[in-house]
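Please open the structure in your viewer and keep the selection tool at hand. The stops below say what to select next and what is there.

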Amino acid sequence: MCGIIGYIGDADAAGVLLEGLKRLEYRGYDSAGMAVLGRGGLDVRRRVGVLRHLEDEVRRAPLAGTAGIGHTRWATHGQPSEENAHPHRSGDVVVVHNGIIENYLDLKRRLQGEGFAFASETDAEVIAHLLARAMRDGRSLPQAFQAVVGELQGSYAIAGLCEREPDVLVAARSGCPLVAGHGGEASFLASDVTPLLAHTRRVQFLEDGDVAVVTRRGVTVTDADGRPVDRDTVAVDWTTETAEKGGYPHFMLKEIHEQPQAILDTLRGRTVVDDAGRVSFPDVTITPDEFRAAGQIWIVACGTSWHAGLVGKYLFEELLHKPVHVDIGSEFRYRKSMVRKGDIFLALSQSGETADTLDAAREARRLGARVLSVVNVVGSTMARESDGVLYTRCGLEISVASTKAFTGQLVALHLLALHIGRVHGILKERAIREWLDQLRQLPGHVEDVIKRDGELLAVAKRFYQKNNFLYLGRWINYPIALEGALKLKEISYIHAEGYAAGEMKHGPIALVDEDVPVVVLAPQDRLYRKTVSNLMEVKTRKAPVIAFTSEGELDLEDVADCVFRIPDAVPPLLAPVPLTVALQLLAYHIGVLRGIDVDRPRNLAKSVTVE
Ligand code: M6R
């Protein structure tokens, strides 16, 4: 996700940038860097790891100057390393970037053809070279920058600086946040409002397509063609803590709301829009032949990631007609392993550091499987040790309860299923194209759920004092019942269990009475009628029923106590995504109503690096 910052004024720029980066460090801590422009020209410093390393470097050898840009990195393209750290420099130009430049490979090839030498593996470096190239013909920094922005596809917030024009910073936004502020004789840029609060409370929230020219006297905003744009100056009265959470009361709620963007980012640049509807995975170094030769597919993960793996099983079996083994990391490790040479082994993990999953992957590799990890944290141990890695691009997840990483994993598994289906010749190009279209509509469906959060809050208010919940789902939504129950357990301390709805009559139905709310997942799919029958079984035993269904299904209104609907347009295999978001919000509200610190639930750690 990355954090960017810019300053131009009369004060020591390095100090302002460092203080600002401290506020933005939650956005990534793979590396940090800054460029300061002083009498001696540009001084660029970059350090791998947490911000403290950059701070130590600046203390050791201070940078002098009153204008600069800074960056804290959450790696997407290229491992965390000094070369890949921002700012990126080309001649007398430096830039910092947050986002993903989707056409960077095309741009890079062109620039290399013109003689530009690349020092990093990042997508961002192309921006520096493009800007240096655009200034060669005498254009000013703002003019050149405008031209460069027109060449970029993807998502970005950018800040840039040039030695030749020391009195101006340039910035642009498309799909990534960027705030500008002015106070006294200084102006500021940042990924969120927190770094600005120590200097000014009057800010402008830039919007997609905005290009800004920032001087000591103020900020001028235009569109990409240079036409002036009026952005209101807003007075912000947030505390620093509120601001870090983007105005949300908790990181968990912020991360739930970030899901449309996280899904979009996980899809971005993966789908080459050609007639073949190709899905491209530059990091997946497992060859089509290896996929074809694989005897078995294994998926191993823990916790929420394991639930994503279970969804993957239904998905792969449905789309690829291939059996898939799914296991919990800690179980896989100590069972007699049936992994064979050449099998494909998928390790799913947000952190890429979960000890049980990591060890399972090592064991599979030892047995000759090709290990492909689906991880969120770039450069994590799992990513480094795998034969191939498919990154979910959900950004930093801070809340202990995993939310956006899970839906990102589901999207990544869909992409992978399309890829494998194509390699095997099971999925035809047209089917792949149609599926990709459906995936692209997911962010909109998730937005739709988030907009109706008030309905989920009302459900939470009705049931938050109950001590036991059951979650029921069938088929691909059975793992979603497990995930809904886990989320509720983690952040409300309510006892909750997820079951395959058809399994109730084999025992768990003995638990049901008027004091046990039952959450039933019944979207429009081929098992809808059967799920409704299961719903009736618990209703008959007086359980309050909270039904999650699709817009078109109207017959639950009279039987369920509460009904929440996801859009009709969501195809059955994608229903787990919006359903999960609704269950996350329900759990969140119940946890908050019960007074739990939902971001830091008791006894849990974000990353479980011990067995
Ligand atoms: O980083 P990982 O995805 O490997 O983590 C696995 C689990 O520890 C994690 O999903 C855990 O269950 C979360 N607290 C769920 O919200």
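Begin by selecting His321, which counts as exposed because its relative accessibility is 62% (exposed means over 50% relative accessible area, buried under 20%, and partly exposed in between, with a 1.4 Å probe and protein chains only). This is a predicted model, in which local features need pLDDT of at least 70 and side-chain atom pairs count only at pLDDT 80 or more, while totals for chains, interfaces and linings use all residues. Residues are numbered from 1 along each chain as its sequence is written, and side-chain values use heavy atoms, with hydrogens and water left out.

His321 has a phi near 55°, a positive value in a residue other than glycine, and it is found in the loop between helix H10 (303–320) and strand E16 (324–328); helices (H or I, at least four residues) and strands (E, at least two) are DSSP runs, numbered from the N terminus.

Next, select Tyr493, in the loop between helix H17 (478–492) and strand E21 (495–500). Tyr493 is not a glycine either, yet its phi is positive, at about 60°, and with a relative accessible area of 27% it is partly exposed.

Now move to Pro87, in the loop between strand E4 (67–73) and strand E5 (88–90), where a cis peptide bond with omega about 0° joins His86 and Pro87.

Finally, select residues 31–38 and 41–48, the antiparallel strands E2 and E3, which are joined by 8 bridges (strands pair if DSSP finds at least two bridges between them). E2 and E3 form a hairpin with 2 residues between them, and Ala35 stands opposite Val44 in E3.
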